[in-house]
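This briefing goes through a single protein chain, from its overall form to selected residues. The sequence and structure come first, followed by notes grouped by topic.

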Amino acid sequence: MNAIDDTDVEGSHTGTITHTSASEDSNFDGIVIEDMVVSIVDNDHGCGEPGQIYNQFDVSGPGGVSDCYVNLYDFVEFAGYWLDCTDLANPDCL
Ligand SMILES: [Ca+2]
Ligand SMILES: [Ca+2]
């Protein structure tokens, strides 16, 4: 049995594996096999969760914290930086 490593953010959760039995041997046909509950660990992280990798242009959001969107909060940061950094010869001033 394999899990699909998709990009959906599902968080850690459990899944139940059920079984059925079919056999020509009446000793095994239709026997009850207990369900198995398995833990599933998702390696994808939602916004703000530990391990989240933010877009390089998402530098701000409400409260000055990255919010997983490149939006006006980020533009305000960029614009403020442009106003502070006026030395065109400085490679750090973009
Ligand atoms: Ca996933
Ligand atoms: Ca943002």
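**Briefing**

D58 counts as partly exposed because it has 18 C-beta neighbours inside 10 Å; a residue is buried if 20 or more other C-beta atoms lie within 10 Å of its own, exposed if 12 or fewer, and partly exposed in between, with C-beta atoms placed from the backbone. The model is predicted: local features need pLDDT of at least 70, side-chain atom pairs count only at pLDDT 80 or more, and totals for chains, interfaces and linings use all residues. Residues are numbered from 1 along each chain as its sequence is written, while chains are lettered from A and ligands numbered from 1 in the order in which they are written.

**Overall form**

- The protein chain contains 1 helix and 2 strands, in the order β-β-α along the sequence; helices (H or I, at least four residues) and strands (E, at least two) are DSSP runs, numbered from the N terminus.
- The radius of gyration of the protein chain is 26 Å, whereas a compact globule of 94 residues would be near 12 Å; the radius is taken over C-alpha atoms, and the globule rule is 2.2 Å times the number of residues to the power 0.38.
- Along the principal axes, the C-alpha atoms of the protein chain fill a box of roughly 85 × 25 × 15 Å.
- Of the 94 residues, 1% count as buried.
- Domain 1 covers 1-44 and domain 2 covers 50-94, with bounds that come from an automatic or database domain assignment.
- The centres of domain 1 and domain 2, taken over C-alpha atoms, are 45 Å apart.
- Of the contacts between residues at least 6 apart in sequence, 28% join residues at least 24 apart; two residues are in contact if their C-beta atoms, placed from the backbone, lie within 7 Å.

**Confidence**

- The mean pLDDT of the protein chain is 89, and 99% of the residues score at least 70; pLDDT is the predictor's confidence in each residue, from 0 to 100.
- Confidence is highest in strand 2 (residues 36-40), at a mean of 94, and lowest in helix 1 (residues 72-84), at 88.

**Strands**

- Strand 1 and strand 2 run antiparallel and are joined by 5 bridges; two strands pair if DSSP finds at least two bridges between them.
- H13 stands opposite I40 in strand 2, and I17 has M36 of strand 2 as its bridge partner.
- Strand 1 has 5 residues, of which 0 are buried, so it lies largely in the open.
- Strand 2 also lies largely in the open, because 0 of its 5 residues are buried.

**The segment before strand 1**

- D8 is located in the segment before strand 1 (13-17).
- D8 is exposed because 8 other C-beta atoms lie within 10 Å.
- From C-alpha to C-alpha, D8 is 6.8 Å from D44, at a separation of 36 residues in sequence.

**The loop between strand 2 and helix 1**

- D58 sits in the loop between strand 2 and helix 1, and C68 lies in the loop between strand 2 and helix 1.
- Leaving out residues up to four places away in sequence, D58 touches S66, D67, C68, Y69, V70 and D74.
- C68 is partly exposed because 13 other C-beta atoms lie within 10 Å.
- C68 has a phi near 75°, a positive value in a residue other than glycine.
- Most residues other than glycine have a negative phi.
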